[in-house]
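Please find below a colleague's note on the structure under review.

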Amino acid sequence: MVVDLPATAVEVTDAVDRRRVLDDILDQLSRPDNPQGLSEELDRAGWQARSPLLEITGLTG
């Protein structure tokens, strides 16, 4: 299925916002009860520096 949606993506560059969002994601991935989680020690600073992060706006539903 292909769907066109009126949306805009803006890169998140603010360090505080990036840290907050990625910390939430990494906390969930590193939980021992997450079967699809990460087993190795997390390099949080590396993830925050290298991970693309976009905010999607304009979606309604």
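1. The model is predicted. Its chain contains two helices and two strands, and from the N terminus on the order of these elements is β-α-α-β. The radius of gyration is 15 Å, well over the 10 Å that the globule rule gives for 61 residues, so the chain is more spread out than a compact globule.

2. Dimensions and burial. Taken along the principal axes, the box filled by the C-alpha atoms of the chain is roughly 40 × 30 × 15 Å. Of the 61 residues in the chain, 15% are buried. The accessible surface comes to about 5,100 Å², and carbon and sulfur atoms account for 53% of that area.

3. Contacts across the sequence. Where contacts between residues at least 6 apart in sequence are considered, 67% of them join residues at least 24 apart.

4. Charge. The chain carries 6 positive and 12 negative side chains. The centres of the two sets lie 4 Å apart.

5. Gln-48. This residue belongs to helix α2, which spans residues 44-50. Is Gln-48 buried or exposed? Its relative accessible area is 17%, which is under the 20% cut-off, so Gln-48 counts as buried. The side chain of Gln-48 makes a polar contact of 3.2 Å with the side chain of Asp-23. Leaving out residues up to four places away in sequence, Gln-48 touches Arg-18, Arg-19, Leu-22 and Asp-23.

6. Ser-51. The loop between α2 and β2 (54-57) holds Ser-51. Ser-51 has a relative accessibility of 17% and counts as buried, because buried means under 20% relative accessible area. A polar atom of the Ser-51 side chain lies 2.8 Å from the backbone oxygen of Trp-47. With neighbours within four places in sequence set aside, Ser-51 is in contact with Arg-18 and Leu-22.

7. Glu-11. Strand β1, residues 8-11, includes Glu-11. The relative accessible area of Glu-11 is 56%, so this residue is exposed, the cut-off being over 50%. Which residues does Glu-11 touch, not counting those up to four places away in sequence? They are Leu-53 and Leu-54. The C-alpha atoms of Glu-11 and Ala-45 are separated by 18 Å, and the two residues are 34 residues apart along the chain.

8. Asp-14. Asp-14 is placed in the loop between β1 and α1 (15-29). At 39% relative accessibility it counts as partly exposed, because that class covers values between the buried limit of 20% and the exposed limit of 50%. The side chain of Asp-14 has polar contacts to two backbone nitrogens: a polar atom of this side chain lies 3.2 Å from the backbone nitrogen of Val-16, and the side chain reaches the backbone nitrogen of Asp-17 at 3.0 Å. The C-alpha atoms of Asp-14 and Thr-60, which are 46 residues apart along the chain, are separated by 25 Å.

9. Points to check in the display.

Key
Residues numbered from 1 in each chain as written. Predicted model: local features only at pLDDT ≥ 70, side-chain atom pairs only at ≥ 80, totals over all residues. Heavy atoms only, no water. Helix = DSSP H or I, 4+ residues; strand = E, 2+ residues; numbered from the N terminus. Rg over C-alpha atoms; globule rule 2.2 N^0.38 Å. Buried < 20%, exposed > 50% of the residue type's maximum accessible area, 1.4 Å probe, protein only. Contact = heavy atoms within 4.5 Å. Areas by Shrake-Rupley, 256 points an atom, 1.4 Å probe, with all protein chains shown as cover. Lys, Arg positive; Asp, Glu negative; His and termini not counted. Charge placed at Lys NZ, Arg CZ, Asp CG, Glu CD. Polar contact = N/O pair within 3.5 Å; in protein donor to acceptor, adjacent residues only side chain to side chain.
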